[in-house]
Amino acid sequence: MPTTLCSAKASYKKQAGTLELTDSHLTWTQEGKKAPAVRVLHPEASSLFCSKEGAAQVRLKLGLVNDEAGHNFTFTSPSAVAYVEREAFKQELTNIISRNRSAAPTPTQKPTPLTAISTPAKTPAPIPSISRATSVSSDSRTPILSGIDAATDFRLRKKVLLSNPELLALHKELVMSGHITESEFWDGREHLLLAEAAAEGQKRGRPGQLVDPRPQTVEGGEVKIVITPQLVHDIFDEFPVVAKAYNDNVPNKLSEAEFWKRYFQSKLFNAHRASIRSSATQHVVKDDPIFDKYLEKDDDELEPRRARNEVSDLFINIGATLEDHVETGNEKDVTMQAGRQRGALPLIRKFNEHSERLLNSALGEVPPAKRRRIDSSNDDDDNDAYAQITLDDLRDPEATSGIALQMQDRERYFEGQLARSASEQAGSEVVDVRAAFAELKHGFGGWESRFSQLRIDKKAGDAALASMTQNVSARLDIRTRKADFPPTLFRQLTTCQTAANEFLRQFWTSLYPPPSTTSSTAMPSQNAAKASKMAGYLSKTHEKVEALVRAAQLEGVEPERVEVAMKPLLDAVEHALAFYRTRSAKTSALKIT
């Protein structure tokens, strides 16, 4: 007699019943019946799905080894009780799935770049909270990017789906319904996961805004500045003298609260302001014996206090051509004469220093190849000059070879090209350039008088304007009309089209796989089986369109409009099926011979 590990009230396919887990299998029995409608042995369990905490319905989905769609169960007890029951099932099933993976043989694969590998999990990974989401646990059929574990791969898929509602709807329509597998859905979409992974791994740079705390006026006329840890970090980073004052005086001479209160009322803070305009805080600036020691003289001389780095690279030195036109004179105009407004010089130099710090922080510790390459020893070398202006980020590191074009009767095609070119050369006459030029010049004689007598008929212009106006009006009318199709029928048309397009994509990629991909490389037999499967789905497209035509008639929509809307899709499907039939016939003939 098997031992019952846990049991709960749960519904399956909207039918109430009892879910029970024993030491050998999982069963679900409908109320009023004795025989279980669902029976799953422990070795058949491969993945687990759970709804997020606080969801309207407490759900659990169990994926099987040979059926990724699996079984969906909804716990029908009150929410608090249902959540506890679901957690008990989740814990037991997680242990069972972990034992199944530990017992399963692990295929050895040679690591190849940009190729997905199978990563068996020895310990159960935490299940992310998402309703009806893909399990984080992966098997050999789940595409895992190279060097990324199953949990990270799940998180990337989740973020990609949530950021693209149309892709999420397509995933629910095809994967959740069991038409295609998870790996088939993501095959060819690995670039989306790679882009999301790159976005996550990208280090966020420093904000471009200059640190300038803005005071806020509260009730009673008091001025308040909200101090956050990020603001303190930015002030210390932007103004090292403030960090020095903090280390010298806190907490021995001043408390932290008193330090910031006195700093925002000091001349030092007023000197650090990013604006020379009058503000409320400038009226409360007072002498401070502590902060006044850290004041510096305004940097308003013609030459900046901080020495500038001399630029030796002529490609990026803006002043390199200063002496190129001495014969005509190149005296600086009024806008280029520094120091005419001495009060603005400190602010301008402060902006320049801030911009320089931003650039240095963005470059960081990068390889030398990412920086501008400057070599003054070979100024006359063309290759070196080109190396100074080329950007590695704009160069494609990989060149695709494309898909080879297969042509029938290739010899006849090139023979026709050669024959046509030969006939054109034979028929071409030698043109006398002088005579042709003289004829052209004679034809232009008296063009001024003829041009003054030119009268353009207004009818042609009016007709062209009317035609363009009618075209624009028709386009606007199509965009503004909301009731072309009823919402329900339009949604059905869109669903049918997106599903068929996905089947077409799967079909053609199985016949002509890309030369390089991040997914696991499929064998020719697997691609043939996938093509056959997709061809079977595509063969039902005509039936679905006919059903939509009948639904349109019931909604009062002309059937011809639906047929016209779906005709491009049907043509693409028919072309794919005809190609598949021809290809299958050739394959069968080769096997017979």
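Colleague: Which residues does Glu 196 touch, leaving out those up to four places away in sequence?

Modeller: Leu 156, Lys 159 and Val 160. Keep in mind that this is a predicted model.

Colleague: Where does Glu 196 lie?

Modeller: In helix H5, which covers residues 190-201.

Colleague: Is Glu 196 buried or exposed?

Modeller: Buried. Its relative accessible area is 18%, and the cut-off for buried is under 20%.

Colleague: Now Lys 530. Buried or exposed?

Modeller: Lys 530 is buried as well, with a relative accessible area of 9%.

Colleague: Which helix holds Lys 530, and what does Lys 530 touch?

Modeller: Lys 530 sits in helix H17. Setting aside residues up to four places away in sequence, Lys 530 touches Glu 184, Asp 187, Gln 506, Thr 509 and Ser 510.

Colleague: Let's change topic. How many residues are in the largest nonpolar core?

Modeller: There are 39. Phe 185, Phe 503, Phe 507, Leu 538 and Val 562 touch the most other members.

Colleague: Which helices each supply at least two residues of that core?

Modeller: H2 (150-163), H3 (165-174), H4 (182-186), H16 (487-511), H17 (524-538), H18 (541-555) and H19 (559-592).

Colleague: And where does the largest share come from?

Modeller: From H16, with nine residues.

Colleague: Back to Phe 503. What does Phe 503 touch?

Modeller: Not counting residues up to four places away in sequence, Phe 503 touches Leu 174, His 179, Ile 180, Met 534, Tyr 537, Leu 538 and Lys 544.

Colleague: What other core lies apart from the largest one?

Modeller: One of 24 residues. Ala 8, Leu 26, Val 38 and Leu 93 are among them.

Colleague: On to helix packing. At what angle do H7 and H8 pack?

Modeller: At about 140 degrees, with their axes 11 Å apart. H7 spans residues 240-249 and H8 spans residues 256-263. That angle makes H7 oblique to H8.

Colleague: Why oblique and not roughly antiparallel?

Modeller: Because roughly antiparallel takes an angle over 145 degrees, and this one is about 140 degrees.

Colleague: Is the crossing of H7 and H8 left-handed or right-handed?

Modeller: Right-handed.

Colleague: Which residues meet there?

Modeller: H7 brings Val 242, Ala 245 and Tyr 246. H8 brings Glu 256, Phe 259, Trp 260 and Tyr 263.

Colleague: How many in the contact of H7 with H8 are nonpolar, polar or charged?

Modeller: Six are nonpolar, none is polar and one is charged.

Conventions: Residues are numbered from 1 along each chain as its sequence is written. This is a predicted model: local features need pLDDT of at least 70, side-chain atom pairs count only at pLDDT 80 or more; totals for chains, interfaces and linings use all residues. Side-chain values use heavy atoms; hydrogens and water are left out. A nonpolar core is a set of buried Ala, Val, Leu, Ile, Met, Phe, Trp, Tyr and Cys residues joined through side-chain atoms within 4.5 Å. Buried means under 20% relative accessible area, exposed over 50%, partly exposed in between (1.4 Å probe, protein chains only). Helices (H or I, at least four residues) and strands (E, at least two) are DSSP runs, numbered from the N terminus. Contact means heavy atoms within 4.5 Å. Axes are lines fitted to C-alpha atoms, for helices over the stretch in contact, and angles run from 0 to 180 degrees between N-to-C directions. Angles under 35 degrees count as roughly parallel, over 145 as roughly antiparallel, 65 to 115 as roughly perpendicular and the rest as oblique. A crossing is left-handed if the near helix is turned anticlockwise from the far one by less than a right angle, and right-handed if clockwise. Ala, Val, Leu, Ile, Met, Phe, Trp, Tyr, Cys and Pro count as nonpolar, Asp, Glu, Lys and Arg as charged, and the others, Gly among them, as polar.
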